[in-house]
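Here's a quick walk through a two-chain model, written for someone who likes the cut-offs spelled out. Have a look at it first.

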Amino acid sequence: METIDKSPRRRSHIYASEARVAYICLIPAFIGLIFLTYLPLLSVLGISLTNWTGLAAPKFVGIDNYIQLFKTDPYIKDSIIATIYFAVLSVAGSMIYSLFIAMLLNRKIPARGFFRAVFYVPYVLPAAAIYVGWSWLYEANFGFFNFLLSEVGLHKVLFIADSSHVVPSLSLISVWLAGNLIVIFLAGLQNVPSVYHEAAEMDGANGWQRFRHITLPCMTPIIFYNLLMSLIANLQVVTPALSLTNGGPGNASRFMTYLMYDQAFVNYKLGYACATTFVIFAILAAFTGVLFKTSKGWIFDEGGDDK
Amino acid sequence: MSEAAFGRLKSKKRKDRTANLITLVVVVLFAVFVLFPIWWIFRTSLMTNAEIYKYPPSLLPADWLFSNYKKTLEIFKFWKYLWNTMIIIVPSCLAGTFTATLCGYAFARLRFRGKQLIWALCVGSMLLPAMVTLIPLYIGWTRGLGLHDSYLPLILPYFCGGGAFNIFLIRQFIVSIPRELDQAATIDGAGYFRILFSIIVPAIRPAMIVVALFIFITLWNDLLQQMIYINSSDKFTIALGLTNFRGQLKQDWSLTMAATCMSFAPGVLFYLIGQKYFVEGITLTGMKN
């Protein structure tokens with residue numbers, strides 16, 4: 001962290017010009033932080049206390065929106081459950097999958113660069129197209145997955161058209177998309193000092209012991225980073241609902257961000273939607289906070305070489 | 001080395017070779033799992049609808065019906081959508097990278113009053129989920145500034161530092177460059193902007209490319225914001241065009257898949273060209289935090 005220099009007076013004119021340059025450089029960031037971040041954040045709270053629909057002038061209604069949201073809203077509960085369900089499945093799935101693949105790719109196998117590229121490909125495809133494409137694989141009668149199921153003698157599954165399967169089906173897609181996590185994990189694995197492994201091998205540690213006591217502890221900072229980023233991203237999931245399911249079937253995929261979109265941009269209840277936004281924000285903050293709080297316990301700090 | 005130790009080493013080598021072989025097999029299986037959906041989508045795009053519904057389905061199309069693409073293009077205005085998407089992406093990438101570099105430089109190298117506070121606000125905004133500010137920003141752009149059915153609400157935010165994450169990345173990168181370089185230039189009489197553009201910028205080129213790529217990926221994957229701000233169909237982007245196209249042609253899977261494949265193509269092409277930077281960039285973000 002920086003400290004502000006307490007500079008001797010005779011050099012202060014240099015600092016004045018330095019500061020002037022700094023403020024010029026930071027003009028875009030100032031505008032961004034004020035008008036695109038913190039002011040909107042405050043206004044979410046402000047608008048959430050009104051009954052604004054975008055037409056008439058907004059009227060102050062106190063916390064009515066929040067009361068209505070928790071007492072009578074038909075969607076919010078399902079929406080929170082669906083979102084958390086999706087996020088937990090997707091985050092757990094993609095973390096395990098990507099760490100596993102990264103560990104395989106970290107071994108001496110031929111054409112490693114090629115395979116790394118293959119696993120990364122899904123990440124560069126536009127999300128909207130991915131969901132449209134997968135909807136064909138999930139198709140109820142002629143889709144590929146149902147062909148597989150019928151081949152092994154199982155009943156057909158409706159996947160995204162079935163309220164109890166839609167969330168796991170969408171989670172599988174987000175696991176498939178986790179190529180960027182693999183690349184980050186792989187880079188982390190290559191930074192684990194090989195002397196540790198060699199020393200442990202001398203002492204007769206087997207593969208699992210080395211993974212458990214060397215690889216895993218050295219990787220904890222990167223695991224934390226990936227966990228945090230994919231949790232924040234997955235809790236804000238909205239694209240599959242927008243492009244594919246429209247929140248259905250039933251409310252099974254009415255994710256929180258989609259609910260907010262629906263209230264604000266389909267039903268034009270701006271005040272009410274802002275209340276929803278604030279609730280979502282609180283949930284996201286709670287998840288992030290818990291993750292940070294527990295992180296001190298399990299992140300292994302090698303000490304030193306990283307500033 | 002004793003005879004026994006030598007034997008142990010040899011058997012370890014053999015064991016390693018078997019393990020590597022198993023690894024390779026597993027990696028290939030997973031690679032197939034990753035590529036298969038893309039192949040399935042592609043092969044569907046080249047089939048007649050009758051062939052699609054055949055049982056059992058075949059892995060390869062009987063005739064490679066590239067005419068499906070021609071038919072799709074009559075309804076799915078791919079080139080127009082691609083052009084529209086680029087109108088959003090290109091200025092955003094350039095402006096975002098440029099302003100992120102300016103801000104990152106100020107935070108990394110310059111001394112000024114209020115630095116810690118502004119830095120804290122900047123880092124704090126990194127944890128703020130984008131969806132939280134969606135509604136107020138929409139109100140601001142459309143009601144406040146009257147920008148209806150316009151690309152500007154999507155582009156202009158990138159003129160404001162390109163997002164806290166990107167500023168953070170650039171700043172971390174500049175911090176890791178030895179200060180002696182700019183000190184030497186200062187002695188030679190170079191001003192702060194001279195130092196930035198002739199010393200810092202060449203040294204952080206990889207990080208700047210990464211920032212541009214991130215902005216590209218973010219906009220490329222976006223659907224929500226494009227849906228909110230863009231209304232008229234001649235302004236549709238690829239994501240909007242495809243979503244709309246699917247709605248029109250619910251059952252015509254071969255044409256829908258042809259449109260999907262076309263939407264895949266620019267990303268794949270871009271990736272093949274810039275693969276090195278993609279991988280380097282993603283790696284950087286993991287390491288610099």
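## Ground rules and confidence

This is a predicted model, where local features need pLDDT of at least 70, side-chain atom pairs count only at pLDDT 80 or more, and totals for chains, interfaces and linings use all residues. Residues are numbered from 1 along each chain as its sequence is written, with chains lettered from A and ligands numbered from 1 in the order in which they are written.

Chain A has an average pLDDT of 86, with 93% of its residues at 70 or above (pLDDT is the predictor's confidence in each residue, from 0 to 100). Residues 6-10 of chain A stay under 50, and the model gives them two contacts beyond four places in sequence. A contact here is a residue pair whose C-beta atoms, placed from the backbone, lie within 7 Å.

## Where the chains meet

Chain A puts 79 residues into the contact and chain B 78. On chain A's side, the largest share is 20 residues from helix α1 (residues 12-47); helices are DSSP runs (H or I, at least four residues), numbered from the N terminus. That side of chain A splits into 61 nonpolar, 12 polar and six charged residues. Nonpolar covers Ala, Val, Leu, Ile, Met, Phe, Trp, Tyr, Cys and Pro, charged is Asp, Glu, Lys and Arg, and the others, Gly among them, are polar.

## Domains of chain B

Chain B is assigned domain 1 (3-68) and domain 2 (70-287), with bounds from an automatic or database domain assignment.

## Two helix pairs

In chain A, α2 (residues 64-71) and α13 (residues 270-298) pack at about 70°, axes 9 Å apart. Axes are lines fitted to C-alpha atoms, for helices over the stretch in contact, with angles from 0 to 180 degrees between N-to-C directions. So α2(A) and α13(A) are roughly perpendicular (65 to 115 degrees; under 35 is roughly parallel, over 145 roughly antiparallel, the rest oblique). Among the residues making this contact are A:Tyr66 and A:Leu69 of α2(A) and A:Tyr272 and A:Val279 of α13(A).

In chain B, α5 (residues 115-126) and α8 (residues 164-175) pack at about 120°, axes 8 Å apart, which makes α5(B) oblique to α8(B). Their contact has seven nonpolar residues, one polar and no charged.
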